Amino acid sequence: MSDKRAAGQYVEARNPSSSGPYLLVCEHASNYIPPEFADLGLPKEALTSHIAWDPGALAVALELSRLLDAPLIFQNASRLIYDCNRPPHEPSAMPAVSEVYQVPGNANLTQEDRDRRAEEFYFPFRGALAAHLDARKDTPTIVTVHSFTPIYHGKQRAVEIGILHDTDDRIAQGMMKAARGEATSYNVQINEPYGPADGVTHTLREHALPRGLPNVMIEVRNDLIADEASQKAMARTLCGWIRSAQDGLSHPETED
């Protein structure tokens, strides 16, 4: 492995010295596939679709980083090469099939192939998150930002914003309370369109739960964040809910 690769060339951080009590993460920020992988044998329409990345998620995360004064760490390579929200032993970390697409470049990978990709793409990303958290003096809330497709396997999804949690639901419930309190027009649901049973909370399990850090995973339907204006508007909405949930940790309600 070259020195360039060892340095984690596909991991990027923004606002690393920000003072907000958060760490933002965007695992599926890019659809970039390094040239040596020859587009994994996929047609262009697949490489620009949701199977290769989370469209709009990085733009929302960047705006949240600004609004919350929060560090953001994101991955600059397609999740088809390596899905940084999956551990190396999971087949879905390097999927041979993604929704309706066969992925020829991921078919019949040897263990050596898988190990090489994990070393190049996953472990630097995981290490960057861990190093950031190790260096902090506070206990930040981890917020991961994702998007999902409106139509999956031919079925329309009614949910517009998913607020996901694993075994720690403090931030998720706080955000839901804030959304209900402002009578949002969005269809907001807990652990939809995915949940922990689908293996999507790996980052939360790996970095937040062992440290006892508050955490949440946000999924936004990507047709709602298809341009700059809608991305910024969504970030403002989510920012309000996140701040309300964070305030709830510091000032929990008491029952009479």
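Visitor: Which element gives the largest share of the lining of the largest pocket?
Guide: Strand S6 does, with three residues. Bear in mind that this is a predicted model.

Visitor: How much space lies in that largest pocket?
Guide: About 500 Å³. The lining counts 25 residues, and the closest to the centre are Arg 79, Arg 86, Ser 98, Tyr 152 and Tyr 194.

Visitor: Which elements give two or more residues to that lining?
Guide: Strand S4 (97-98), strand S6 (141-148) and strand S11 (215-221).

Visitor: And how do the lining residues of the largest pocket divide?
Guide: Nine are nonpolar, eight polar and eight charged.

Visitor: OK, the second largest pocket. How much space lies there?
Guide: About 230 Å³. It has 12 lining residues, with Gly 174, Lys 177, Ser 244, Ala 245 and Gly 248 nearest its centre.

Visitor: Which elements give two or more residues to the lining of the second largest pocket?
Guide: Helix H5 (170-181) and helix H7 (228-250). H5 has the largest share, five residues.

Visitor: Which residues of H5 are buried?
Guide: Ile 171, Ala 172, Gly 174, Met 175, Met 176, Ala 178 and Ala 179. Gly 174 also turned up among the residues nearest the centre of the second largest pocket.

Visitor: What covers those buried residues of H5?
Guide: The cover includes S6, strand S9 (161-164), strand S10 (188-190), S11 and H7.

Visitor: What follows H5?
Guide: Ala 183 follows H5, and its phi is positive, near 50°.

Visitor: Switching topic: Asn 106. Where is its place?
Guide: In the loop between strand S5 (101-102) and helix H4 (111-135).

Visitor: Is Asn 106 buried or exposed?
Guide: Buried. Its relative accessible area is 4%, and the cut-off for buried is under 20%, so Asn 106 qualifies.

Visitor: What does its side chain reach?
Guide: The side chain of Asn 106 reaches the backbone oxygen of Pro 95, at 2.8 Å.

Visitor: Which residues is Asn 106 in contact with, leaving aside neighbours within four places in sequence?
Guide: Leu 40, Leu 80, Met 94, Pro 95, Ala 96 and Arg 117. Pro 95, then, is on the contact list and supplies the backbone oxygen as well.

Notes:
Residues numbered from 1 in each chain as written. Predicted model: local features only at pLDDT ≥ 70, side-chain atom pairs only at ≥ 80, totals over all residues. Heavy atoms only, no water. 1 Å grid on protein atoms, 1.4 Å probe; cavity = no way out; pocket = protein on both sides within 12 Å on 5 of 7 lines; lining within 4 Å. Points joined across faces, edges and corners; volume = space filled by probe spheres on them. Helix = DSSP H or I, 4+ residues; strand = E, 2+ residues; numbered from the N terminus. Nonpolar A, V, L, I, M, F, W, Y, C, P; charged D, E, K, R; others polar. Buried < 20%, exposed > 50% of the residue type's maximum accessible area, 1.4 Å probe, protein only. Polar contact = N/O pair within 3.5 Å; in protein donor to acceptor, adjacent residues only side chain to side chain. Contact = heavy atoms within 4.5 Å.
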